[in-house]
Amino acid sequence: HTSRALGKSREIVQSGDSCSLFSLASPSLAMDPRWDTIVRAKITTLQRLMIPNRDLLFERRLITEEEREGLRDIKFTRGERIYQLLIEILPRKGPNSYDKFVQVLKETEGQQHVVETILND
């Protein structure tokens, strides 16, 4: 359930747990390792800047209908929802999930600066 998953992410953030993003994903669906480093280094900035297009993410099959609804849940902050998307949802979506996610951001009006943040060191 999405709310329980977000609760778990809140616990991880609050406890400072340093578990790898890979531990949340199935080994057969492991994402590209470079994203683990990028997301960890930039999560706070991404939580502040990013406004993902949930409908486009759904159309591209990066999130399910249930996940899309969970990402609209107003009882969580935008930062918590971004954390859930980047840390809990996308790592389970396969090795190309973050590349597809960046493409969605490129196609989303007003998110080009986020793409630059992600891709530039």
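At what angle do H2 and H7 pack, and how far apart are their axes?

I'm working from a predicted model, where local features need pLDDT of at least 70, side-chain atom pairs count only at pLDDT 80 or more, and totals for chains, interfaces and linings use all residues. Residues are numbered from 1 along each chain as its sequence is written, and side-chain values use heavy atoms, with hydrogens and water left out.

H2 and H7. I get an angle of about 145° with the axes 9 Å apart; axes are lines fitted to C-alpha atoms, for helices over the stretch in contact, and angles run from 0 to 180 degrees between N-to-C directions. Helices here are DSSP runs (H or I, at least four residues), numbered from the N terminus. On the H2 side I listed Trp35, Ile38, Lys42, Thr45, Leu46 and Leu49, and on the H7 side His113, Val114, Thr117, Ile118 and Leu119. Contact means heavy atoms within 4.5 Å. I noted 7 nonpolar, 3 polar and 1 charged among these contact residues; Ala, Val, Leu, Ile, Met, Phe, Trp, Tyr, Cys and Pro count as nonpolar, Asp, Glu, Lys and Arg as charged, the others, Gly among them, as polar.

Ala41. I found this residue in H2 (residues 33-49). Ala41 is exposed, at 63% relative accessible area (exposed is over 50%, buried under 20%, partly exposed in between, with a 1.4 Å probe and protein chains only).

H6. In this helix (residues 97-107) I marked Ser97, Tyr98, Phe101, Val102, Val104 and Leu105 as buried. The buried residues of H6 pack against H2, H3 (54-59), H5 (78-89) and H7 (112-119).

Definitions and conventions. Helices (H or I, at least four residues) and strands (E, at least two) are DSSP runs, numbered from the N terminus.
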